[in-house]
Each structure stands twice: as structure tokens, then as C-alpha cells.
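Visitor: Could you take one part of this model and examine it closely, setting out its surroundings as well?

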Amino acid sequence: MADATEASAVPARGMSRAAIFVAATRGRHGADWTDWASYVYLVFGTLLMFVPVAWLALSSLKTQAGLDQMPPTVLPYEPARAALPGRPGEFPLFRVTKGDHAGQELAEVRRIGLQAQMVDPAAPAAVIRVPVSDREPVMRLHAAWDNYSAVVSRFDFLLYFWNSLFITVVATVITLLFNAMAAFALSKYNFRGRGTVFALILATLMVPPTIILVPNYLIASQLGLVNSLWGVIWPGVATPTGVFLLRQYMLTIPDELLDAARMDNASEWRLFWRIMLPLSAPALAVLAIFSVMWRWNEFLWPLVVLSRSENFTLQLALNSFQGELTTSWNLLLAMTVLTLLPITLIFLVLQRHITQGIASAGVK
Amino acid sequence: MANLTLHDVRKRFDDVHVIHGVDLEVRDGEFVVFVGPSGCGKSTLLRMICGLEATTSGDIHIDGRRVNDLPAAQRGLAMVFQSYALYPHMTVRQNMAFGLENIGTPRNEIDARIGEAARMLRLDQLLTRRPTQLSGGQRQRVAIGRAIVREPKIFLFDEPLSNLDAELRVSMRAELAQLHRRLEATMIYVTHDQVEAMTMADKIVVLQSGRVEQVGPPLELYNSPANRFVAGFIGSPRMNFLPARVVTATQDATLLELEDIGPVTAPPRAGLRSGDQLTLGIRPEHLEIVPGGTGATVQAVEQLGGLSYVRLSPHDIVAQIHGQTRLAPGDAVSLRMAPDLVHLFDAEGIALPAALLIAA
């Protein structure tokens, strides 16, 4: 990535900027070894990130049988079936590997012991006997979209989705408001102990959430927040990352603007609402993206707080799928893909803001 | 429209005293300029008047009412900031309307006032633009417009022209002076540029290190500066200061010996005795150069066409000559100065007034 910035000017008039960017090399004549190294590294990284997701997406389109198949296939296959004239229903197709009919694709109409009665779909009148070991099933590409329809219809997917959506949206709005208020006070008011307060807020970054899980739960239960979506929302709205990010941004907003607004008869709240918030929009956008990602993917805290399944978020529902005696892997995978989709869409739409935000805030 | 009185106003940041007891009276409709070098406290004083900075002690009265404890918004003043401080996310119209909306002015009244201010400042075409789409001069006018629509008692300007280029500054200076005449409003203007002070002010307040050095109309400050600081600050190029020793002091004249230059006659001053060490001040435009003779040597000549500056040694003297000159570096010259244009300062830098002696 660093190569692009140090790139020698590529003499390529008419080439699009993206092409120039991609083709840029460190070496002036041809590729330097660092170019090779960075390409290898980048390709490796891309594969590392994308192969599991692609694998997940492809697998979510397999039937349960397709998932159980050994060796596993990359693309979703299912045993091919054919309709036979004169017989009701569909019959599985097999390719014969030995004997007189080797190479032919026949449909199995009946199986008796180790013998299968098979029929050539082209000549359905004649029944052919083939030993079971002398044939293999014919597979064909098939996307099992009904995994998805089953997830939506058979489970309370929409309820879980709504729970996740509600928590994500409401918590993000509250997070933005509260963090912006804290950041405003910390960046624009001079009061005794301001530095200490800010240091304390930052210090909470160093406390792993698992350590305060139990005390948090006790407080939530005292407040009657257990088994309520608000119990997931409230404890997490004050984020040190958000306060830090917004404060650093608000420090760059000139004080003279606030003075001007004060001369303009604006109350302190109006100052915050009409001047500070709109001007902090870039930082707020970054925090909104972070908050959405945190909340959508949040698992541990909802797991602790929410025990009734009608309050489950998508992440909890996914988890409970796996806990049952028989795991419907095809449905689990389909639901996982559905869970990933919203966050992926947000990434696609707000990609530029996210990278900008990460670069400017220096947070994960 | 209002008058403003400051009485023994002081400001302290922790242990640092930045304003040491300022007394000042600004009359209704006056254009007062606070001038001084950077760090002299002029901006702080302005911010204390408008209420953005608390006053440590002393009283500020607007129209006879003590306003020390009133918040900025309720003092009825409007300020034009050095950076203009326009709200970047609002259009020009919204910028001007913001203050009026905050006090609940009816919509049609807001529109009328904005329309009037926009016409006056030639902003009609720009009302839907955002500040980033405006040039420096336009932003400046929007900032002034935002102040005008508020119809404040007093306009405050904090170095409003310092971000403009030289040419624009000259034209904005004229525009501001014209605006003052048209609005007949009380205005207080802070600058470090004595040219702005001289050209616009009815009354100049010269500040240094948090103290008022002198208050008066521009020409009074120019003609009879109260001390060496004011004498050096007002006027461009600045006044020449030459160390001098009193040779004889009589009722009719003072004879001085200028260090490294020679004798010179100055008007009589009270209380001088032979041997006293003084500083003689003479403005570049009052210094006459006579080619030939002794006393000074030409170091450099700057010809500006209409006038010329001649730099002389010793003491790095600058003389301003009307028109052009044939003097060249290295020429030996003698200096002449009209006695009544000479300023004398005592060892503390206080001006020795001529008038007192004549009265005595």
C-alpha cells in the first residue's frame, strides 16, 4: 500500500487513475522486489479475509445432504433427478461405471438389496439391473434457496431481526447524543478536573469488558433491565472511544464560532445543537458506523442479559441454533449470511467514511 | 446607539495581570479604535466589554447600566471576529438570521432586516451561498451584515481586516468608515495597524501591556504624543529617537547636544537643567537634510517616486523627503529640524510639553 504513495510517475496518458494506482510500482523500471512482496502479502490477506466468507455464502446454498458430502465440494451440488414417462414422481440419476451399460446415465426406479432396478430415461420401457457398487450418483449444480425461505418462515427470524435492528438503531442514536454531549463539555468548557475526568474516561478503555460483566449484570438486574432490550442498550451507550473521537474532532472547531453564537443570543444547548453537532458531522458519522458495527455484532452482553427467546438478537438466535441436538447446518449458514448482510451493506455504502474515520481516530 | 464607560477595569488570568485599570468613555456614535502591539490586551479588553471574558474588577457601564454580570447575549452588542466566525454549515441568509431567530424575531421582520443589510453590503446575490463559497472580502461583509441585522447598541470589531490582502483592506477601510457614517452607530474597533486607527477613528486608545497610554483624536496623538511609546507607535515610518544632553536651558530656548551628531536648538521646556539626559523625537517627514556639512552619513536611499526615504547613520535615522532626491549612500549631510516640530522625552519616556512652560 505504501508503494502507491511513493510510486514513480507512470507515463500512462489516458489510463484511468485507478489503473495507474494499481499499476504503480516502487521500481522505476519494472517491478521492484518490494512490489512482489506487497502483492503477495495483499493477495494473501485478501484470500484470508474472503475465502471463509465466500465458503460460507456458497455453503449456505447447499442442502443438508450436500453439506454432509465427503469430500466437500466448493459449489452447491445435489443428486440429479429425472422424471420418467409413465411413472409418477422423479427418480435419482446414476452413472453406471462397470458392465454392459458403463458410461450411461440411468434412473433408479427401485432398489432391492445390492441390486438396483434402473431405467434409461431415453428408453423407459426396459428395466436394467445394476449392482449398487457399479454406479455413482450424478450430481448437478443446484442453489438451495429454500434454505433462506425456511429460515424466514420456520423461525422467528423477523422477530430476531427486529430486535437486533431496534437495539442497533436506538443504541446508536443514544450513543451519538450522549457521547457528543460529553465531548462538547470536555473540549469546549474549562472546569476544574477536566483533565482528570478525561483521563478516567480513557482509562476505562483498559478494563476488559469481561471483568465487569458480573457487576454490570448485577446493576442491570437491580434496575430491572434484565430480559429487556433496553438492558442491552443502556449499559453500552457511554463509550470512551466515542467520547475520545468526538472530543478530538471538536477541539478543531474554532472557539470563535461559539463566541459568535453566544453573541447571537444562542443558549448553550442551542450552541451544541445548532453549531457543534452539525459541524461534528464527519466525526459523528464515523462513530455511528462504529456503533452500528459494535451493536449488530454484540454477543456476550446480550447473551447475559437476554434469556427469553422472544428477546433474542440475531447473534443469540444463531447461537441457540447450534445448541440444539441436531444442528441444521444448512439453515444455520443461511441465517448467518442474512445476519452478515446488513453490516456488509453499511460497509459498502460508507466505506470511504470508515477508512477515513479509522485513519483519523486511530482506533480499531 | 449607546455610550460606554469603563471604570478602573482590570483583568487577571490566575497570576498574570493583563489589564491594569482602564478608564475610558465612549460617547454615542463615536468610532473608537483600540490600537497597540500584539499582546497589549486590546482584544481582551474588547472581549470584556462584550461579555465573552469576565472582568476581574472595575465597572463596565452601557447606557448607564452596569453590565459586568450580564451574559454576552444580553448586553445588546454585536461583534465582528477576526476570523469572521461565520457558521460554515449555514448559508449567508441563515448566518444572518441565526441571532434574530434566537431572540424570537418574527419571520417577516428577519427577512426585512436581512434584505436591507444585504442591499447595503451588496450581498443580495450571495444569500444562498455558504461561507466556503465566498471570497475573503465577501465573508467580511457577511460578518458585518450579521452584526448589522441585530441592530446592536455598539458594534465591536476585532481586527476584522487582518485576514484581507492589502488592496482589499484599503477599500474595506473606506467602506467601514462609510458604514459608520450611515448607521451613526457606536463602534469599537481593535487593530494593531496604526494606519487603520488613523484613518477611521474619531478617537484612538493606545494600549501597551494592559495600560492605556493615551486617548485622543488621531491628529492629537500624532501632533502631541504623551510619551515615547505613543510617539513611536503612531506615524509611519516611525519617529526617530535620538539621545540628547541639555547644554543650556533658558527661557527662550533649549540648546541640546545630540550624541554623535551635534548641537541643536529646541523650544524651551520647564524644569530642564544643564546636563540632563533626554530623548529627542523627530518624525521622518520633519527632518530636513542639507547636502554637505557634517553630522550624518547617508546609508541607503529608497525612492518611491512621490517621496523618498533616506536612511542615515548614526542612530539609524530615517528621513522622508518630498519628491525625489539625488543623495547617494556615503554622502555626508547635515540635519536640520524646525524647533517646534521637535518632541522631547524625559528619562522615563514622558513627553515634556512645550505649552506648560509658555504658560509659566
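**A loop residue, its sheet and other loops of chain B**

Guide: Ile350(B) sits in the loop that runs between strand S19 (343-345) and helix H9 (354-359) of chain B; helices (H or I, at least four residues) and strands (E, at least two) are DSSP runs, numbered from the N terminus. The model is predicted, so local features need pLDDT of at least 70 and side-chain atom pairs count only at pLDDT 80 or more, whereas totals for chains, interfaces and linings use all residues. Residues are numbered from 1 along each chain as its sequence is written, while chains are lettered from A and ligands numbered from 1 in the order in which they are written.

Ile350(B) is exposed, because 12 other C-beta atoms lie within 10 Å; here buried denotes 20 or more such atoms within 10 Å, exposed 12 or fewer, and partly exposed the values in between, with C-beta atoms placed from the backbone. Leaving aside residues up to four places away in sequence, Ile350(B) touches Asn227(B) and Phe345(B), where contact requires C-beta atoms, placed from the backbone, within 7 Å. Glu116(B) lies 234 residues away from Ile350(B) along the chain, and their C-alpha atoms are separated by 49 Å.

The partner of S19(B) is strand S14 (residues 277-282) of chain B, joined to it in antiparallel fashion by 3 bridges. Within this pairing, Gly281(B) has His343(B) of S19(B) as its bridge partner.

Pro237(B) is located between helix H8 (228-233) and strand S11 (240-249) of chain B, and the peptide bond from Ser236(B) to Pro237(B) is cis, with omega near -5°. A cis peptide bond also joins Ser313(B) and Pro314(B), where omega is about 0°. Pro314(B) occupies the loop between strand S16 (307-313) and strand S17 (317-322) of chain B.

Most residues other than glycine have a negative phi, and most peptide bonds are trans. Two further loop residues of chain B are of interest in terms of phi. Ala85(B), although not a glycine, has a positive phi of about 50°. Its loop connects strand S6 (77-80) with helix H2 (92-102) of chain B, and Ala85(B) is buried, because 25 other C-beta atoms lie within 10 Å. Ser209(B), also a residue other than glycine, has a positive phi near 45°. Ser209(B) is found in the loop between strand S9 (203-208) and strand S10 (211-216) of chain B, and it counts as partly exposed, with 15 C-beta neighbours inside 10 Å.

Finally, chain B also meets chain A: 16 residues of chain B are in contact with 14 residues of chain A. On the side of chain A, helix H11 (255-263) and helix H12 (268-279) are the elements that give two or more residues. H11(A) supplies the largest share, 6 residues.

Technical notes:
Two residues are in contact if their C-beta atoms, placed from the backbone, lie within 7 Å. Two strands pair if DSSP finds at least two bridges between them.
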